[in-house]
Structure formats: C-alpha cells, structure tokens
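Work through the following exercises with the model at hand; each task is followed by a solution in steps.

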Amino acid sequence: MWQPWVKENARLKYVGIVDALEDDIKNGLVARGERLPSQRVIAQAVGVDLTTVTRAFNEARRRNLVDASPGRGTFVRKGFEVGGVVSQRQPFVDLGMNTPPQLESMDFRKHFAQGMSDILSHAGGMLNLQYQDSSGSDFDRKVAAGWLQPRIENVDPDRILVTAGAQTALYAICNLLLQPGDVLVAGDMTYPGLKAVAVQMGLHLQGLSMDCHGIVPDAFEKACVENAPKAIYLVPNIDNPTTATLPDDRRADLVRLARKYGVTILEDDPYWPLLKTKTTALASLGPDITWHIATLSKCATPALRVAYVVAPGTAQARQLAATLRATVLMAPPLMCALASRWIAEGLLAKIIGQIRAENAARQTLASQHLGPAIAADRNGHHAWLHLPDHWQADGFARQAEWAGVAVVPASAFAVGPNTTNAVRISLGVTPDRTILENGLALLARLLAPGMSSIKTIV
C-alpha cells in the first residue's frame with residue numbers, strides 16, 4: 001500500500017500530498033488499481049488534519065489520478081479507454097488542446113446563466129429559440145461590425161455573416177470557392193482543421209516556406225507561378241502553431257501578390273483580440289479579395305461557437321449564406337444573442353483582458369522552464385517548442401504522453417513531408433498554474449541530454 005508523504009516546496013500541504021502521489025505513480029512505486037490508505041491513515045502519517053487530506057483526494061480526482069468507489073475506498077486509476085482498447089497510462093496534464101484559459105474567476109457559470117435568462121426574459125427574447133436567417137440576424141451583424149471596426153474599418157454589416165464557429169465558416173468558404181483538385185496554399189506548418197477540409201473536399205494543399213515572421217512572400221510567388229493556386233490560407237496573428245505574427249510589409253507583399261496572380265485570401269484571425277500591439281487585417285489591405293474569419297472560441301470560450309465572416313462584398317456574402325443554409329442552416333441563435341450581449345455590455349472585452357493577463361503569466365512559466373527553445377507571443381496561449389537534436393518530435397510527444405503530459409508534434413501541422421522538429425504546447429486548458437507548472441517541469445526534464453529512452457524516466 002502507498003506510503004504517504006508530502007512533496008517539498010509545494011505551495012500548499014494538500015497539493016504536496018497529491019504531487020507526492022503523482023510522482024510515485026509515474027515512477028512505478030504505486031500500482032495501477034491499487035487501493036490507497038484511508039484519509040485518516042494518511043492524515044496521521046503526514047501530520048495534517050482530515051480536511052487537508054480530503055482536499056488532496058479531491059485534487060487527485062481532478063487530475064484523474066484516482067477513482068473513488070463508495071463503500072470500497074479510493075483506488076489509483078487503472079487507465080482509460082480509447083477505441084475499445086484500455087491504456088494503462090493517460091495524460092495527467094493536457095497541453096495539447098489549444099483553448100484559452102477558463103478560470104473560475106471569469107465567472108462563466110454566472111455569465112452564461114444570467115445572460116441567457118436576461119435575453120429570454122426581454123420582449124422578443126423567445127425569438128432566439130426560433131429559426132433565423134442563415135447569415136445571422138440584422139442586430140447580431142451590426143454588433144459584429146462594431147466589434148470588428150478596430151481591425152477592419154467601416155465594414156458594412158451586409159458583408160458580415162454569423163456562423164457556428166470558425167471551422168464551419170472555413171469549410172463553407174472553401175466549398176463555395178474551390179473545386180476538387182484545386183490548389184490551396186498555406187504555411188508548411190498549418191492549422192489541422194484546414195488539412196481536414198482539404199482532405200474532405202479533395203483539394204491539393206501545398207505548403208509554403210515559413211520563417212520566424214510567417215509565410216515567406218517569395219515562396220508564395222513561386223507557388224503562384226508554378227501551381228496557379230486558387231486561394232491562400234493564413235493565420236496572420238500568433239499563428240497556429242508557430243506563433244509568428246506577419247509584419248506590415250509582409251502583409252502588403254502578400255496582398256500585392258494575391259492581386260497580381262488572382263488568388264483569393266482566406267484570413268483566419270482568431271487571436272487578434274489578444275494582441276497588445278494591434279495589426280492591420282489583410283481584409284483592410286485587400287477587402288475585395290479577402291475572406292476574413294473572426295471567432296470567439298480562441299479569445300473567449302469555445303462554448304459560444306460563434307464566428308463572424310467578412311465577405312469581400314455583399315453579393316459574396318449572399319452566396320456564402322446559401323452555402324451555410326445547405327450545410328448547417330444557421331448559427332445557434334441563443335449563443336449569437338449572448339455573444340452580442342457580451343460585446344455590447346463590454347463583458348467580452350473584460351473577459352479577453354483577463355485571458356490576455358493569464359496568458360502572459362503562463363507564458364512566463366513556460367519561458368522559465370523551457371527557456372530560449374520556445375517561440376511564443378506573450379499574450380497567446382500556445383508556444384512552439386523547438387527540440388534538441390537527440391529528440392524527434394513524434395517520439396518526444398509519445399514519451400511526454402507516457403510520462404503524463406499531452407503535447408502535439410509538428411507532424412500534425414505539416415503540409416507535405418515534415419522536416420520541422422518541434423511540438424506545440426498549449427497553455428490554456430489546464431485549470432490552474434500549479435498543474436501547468438508540473439507539466440512544464442516534466443517537459444523540461446525530458447529535454448535534458450540522455451532522456452530519449454522511456455526507461456530513463458520510469
């Protein structure tokens with residue numbers, strides 16, 4: 001049976017108990033499925049009260065370390081099921097899912113419940129439970145225009161569509177503009193959702209060379225000359241996964257080249273609200289050739305499932321509305337109304353400010369543990385970790401998962417053969433900084449020379 005102890009330097013006693021248990025599980029000193037001592041025995045062994053041990057057990061359950069069985073006790077988790085196969089190990093720290101921090105202090109429970117109640121209690125509020133136009137209500141599009149004004153000046157609400165998330169918008173735009181076999185270009189490291197769209201639609205996705213500032217314009221022009229792409233996809237700010245933000249001169253070059261060669265720009269810009277120093281959207285530089293997508297999922301919460309699309313013109317907006325009508329019909333009206341309410345009341349801006357501040361604190365932790373090997377934007381919630389020569393990205397990701405941390409290797413983002421030796425680390429999904437720091441510390445240990453074999457960490 002586990003011999004309880006308290007890990008030194010833990011910020012709180014109960015956290016130290018859980019940290020000690022987690023270390024012993026990872027190091028094989030406690031077997032999967034083993035029953036833990038009673039809370040009273042643990043309290044006596046480490047010299048704390050029962051309340052502290054109860055908090056420790058709750059924290060252990062939250063980390064997915066243990067399962068409680070009424071009348072039988074608490075047991076170390078045996079594993080989890082994936083595709084019908086039970087694994088004996090699972091990630092304790094999720095640094096793979098790229099979402100903004102969702103902290104208790106942000107009061108999402110209150111904001112969702114109160115906002116929906118207020119919407120439905122007002123005159124006409126019940127209309128948000130009915131079918132609506134596929135492009136969104138007039139009110140929601142006008143509110144969206146005001147929210148987008150700082151990045152795209154004087155945008156006409158008639159050019160805006162309200163969609164059920166950025167992925168829905170991206171698929172609908174590609175479905176409208178492209179045919180199977182068409183060439184679509186993007187950075188050689190790109191958003192996996194775009195790769196999924198290309199596979200589903202039978203598009204030829206071609207990668208463009210990137211540097212620390214994003215897509216290289218010369219590579220784009222070379223692709224235009226040789227392959228005649230129909231569209232270029234880019235994430236201009238805090239790129240996913242590389243975190244690069246396109247400089248102004250490069251944005252102008254890309255727009256100029258797109259005009260020259262008749263290429264449509266697909267601008268996916270989820271992270272603009274997180275920037276401290278604001279940038280100019282490509283939709284402002286080339287409004288007639290750019291489709292701009294602005295989602296709330298990455299700057300507020302994925303639960304809203306609301307994204308705004310700015311079409312090049314009103315005619316194109318109507319065409320996209322027809323595509324949306326044939327696929328998802330409409331964005332969820334109640335969520336759209338809630339998003340508009342948060343924007344109008346200033347609550348969305350407050351939430352974004354809280355997320356930006358939390359991201360900065362978490363990026364500081366990442367920098368402290370991983371040092372100059374990471375590329376990151378201080379206000380974003382992911383980082384791009386370049387690995388040393390003794391590691392390959394896929395192997396490092398497997399090793400990290402075995403040890404208890406989920407990260408995403410470069411191969412998940414690669415367009416064509418992968419030559420990039422890096423992994424994406426997402427800092428937002430962990431519920432607090434203590435859990436995040438545990439995961440970062442483990443990654444730092446794995447990066448050390450000689451840590452390329454699974455046997456060295458058991």
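**Exercise 1.** Determine where the salt-bridge partners R256 and D253 lie, and whether each is buried or exposed or in between.

The side chains of R256 and D253 form a salt bridge, N to O 3.8 Å, where the term requires a side-chain nitrogen of Lys or Arg within 4 Å of a carboxyl oxygen of Asp or Glu. Both residues belong to helix α9 (residues 248-261), three residues apart, about one turn of the helix, a helix being a DSSP run (H or I) of at least four residues and a strand a run (E) of at least two. With a relative accessible area of 46%, R256 is partly exposed, and D253, at 28%, is partly exposed; buried means under 20%, exposed over 50%, and partly exposed in between (1.4 Å probe, protein chains only).

The model is predicted, so local features need pLDDT of at least 70 and side-chain atom pairs pLDDT 80 or more, whereas totals for chains, interfaces and linings use all residues. Residues are numbered from 1 along each chain as its sequence is written, and side-chain values use heavy atoms, leaving out hydrogens and water.

**Exercise 2.** Which parts does the salt bridge of R63 and D19 tie together?

The two side chains meet at 2.9 Å, N to O. R63 lies in the loop between α3 (50-62) and β1 (66-69) and D19 in helix α1 (residues 13-26), so the pair ties together parts that are 44 residues apart in sequence. R63 and D19 are both buried. Finally, D19, E22, E59, R62, R63 and D432 are linked in a network of salt bridges.
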